[in-house]
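Open the model in your viewer and keep the selection panel at hand.

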Amino acid sequence: MTRKLLLFLLLCLPFYAKAWHPVGFGTVIGEWKGTWATAMQVPVKAFMPYNNQMSDRSVRQIVKVSAGGKVIRLQLSNIFSAEPVVLRGVYIAHSLDSSRVDSKTARYFKFGGKDGVTIQPGKSLFSDALAFDIKPLEKVAITLNYQTAPKSPTVHMGSRTTSYILKGATTPEADFSRAFRYEKWFNIAALEVLTNNVRGIAIIGNSITDGKGSTTDHQNRWPDEMSYWLNGPYRQREEEKLRAENKKNKALQWGVLNLGIGNNRVLTYSGYGEAAKKRFGRDIMEQHGITDVVIFEGINDLGTTRYGVATAYNLIMEYRNMIEKCHQKRKRVYLATITPMQGSGYYSADHEEGRRIVNAWIRTQKVADGFLDFDALMRDPKKPTALRKGLCLADRLHPNAAGYKEMGRYAADFFAKTR
């Protein structure tokens, strides 16, 4: 009887934000909190030139989590495909290096108690709860064994992380060293932990948040760098302080979710992915356990418009809408100033005036809970309309790895002070 009760309670976990401890009925142990997430989109052929048909393939995908936990669940998405995804099985393991995993740690996700699952077109779903110990800032490998997959898959193009693809189904012991390598994520949308000790931050952005200019497989986008400081040195410092004060409290963890999409726009669909004003409800507001939101979008709208000043005021109007949605759900929301673009193909006097208007409003508005001044951080002191040399790519639009490190440390300091 006890074993049946435990199984029933564990199967119930995915259906509730708050869950019951399987040992001691009625004891709340936490809520589902995002530890990793990415924004889904349709493929852009120019940037996904290979055969993306994953039927009868096994795809091993590496992600780096922010917060840790001992019970997890996985969200899979098929929202932008016209055909179902049929999976034979999905397993997770601790990542070692490249495609290698510690096979002894591998665990299979269940879906309604079953190994396989079908994700209908336009839908996403969560796995059942799974006992799997994840440490903060750890890399894990999620392997999907596809039976059939859509010709046009639901993906995240800018993973900046290598995925490994083999023909046929695999087990955790499989050798992926000769697998086809592709820097995309397929169908994986979020990984969550069951805990009561995470402050969640969801970030909506474009390629600067998605990490163009970061180092492939190094996980050094600015949100990654922010997560490193918050869940690494800052958390360790807090733990040392708690021990010195003989307190049994656990140091706070931070869930940092990067929902950036390269070439994304706030106002229009002419870039990649749905316009931010449309996807905000799904990609940000539907994330579990989020307490804080960062809005860092607009440079693509300004850089491609014919009317910089008008676009600036339209952006401000949409920022207000996003802020209102956050406050209605009792979430703190922070704006980020738009970084400089002189020297890039986006720059013109009209576009710069639009950027000036947006940033001036961000710095003086009182509707959001605060702002991150990435413009002031990243601009050249001698030429404030341009990015600082040494912190950007040759395109003079995107930061490089050193620039993202500066942005991440600054953002970590900012949020650490909001405790």
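In which loop does Arg100 lie? Select Arg100: the loop runs between strand S5 (85–94) and strand S6 (107–108), strands being DSSP runs of E with at least two residues and helices runs of H or I with at least four, numbered from the N terminus. The model is predicted, with local features needing pLDDT of at least 70, side-chain atom pairs pLDDT 80 or more, and totals for chains, interfaces and linings using all residues. Residues are numbered from 1 along each chain as its sequence is written, and side-chain values use heavy atoms, without hydrogens or water.

Arg100 is partly exposed, at 46% relative accessibility (buried is under 20% relative accessible area, exposed over 50%, partly exposed in between; 1.4 Å probe, protein chains only).

Next, select strand S3 (residues 57–64). Of its 8 residues, 6 are buried, so S3 is largely enclosed by the rest of the structure. S3 pairs antiparallel with strand S12 (residues 163–167) over 5 bridges (pairing takes at least two DSSP bridges). Ser58 has Leu166 of S12 as its bridge partner. Strand S10 (residues 139–148) is also antiparallel to S3, joined by 7 bridges, and there Ala141 stands opposite Ile62.

Now select Trp36, Lys64, Arg221, Asp224 and Asn258, which lie nearest the centre of the largest cavity among its 20 lining residues. A cavity is a set of points on a 1 Å grid over the protein atoms alone where a 1.4 Å probe fits but cannot get out, and lining residues have an atom within 4 Å of a point. Strand S2 (28–37), S3, helix H3 (222–231) and strand S17 (253–260) each supply at least two lining residues.

Notes: On a 1 Å grid over the protein atoms alone, a cavity is a set of points where a 1.4 Å probe fits but cannot get out, and a pocket is an open set with protein on both sides within 12 Å along at least five of seven lines; lining residues have an atom within 4 Å of a point.
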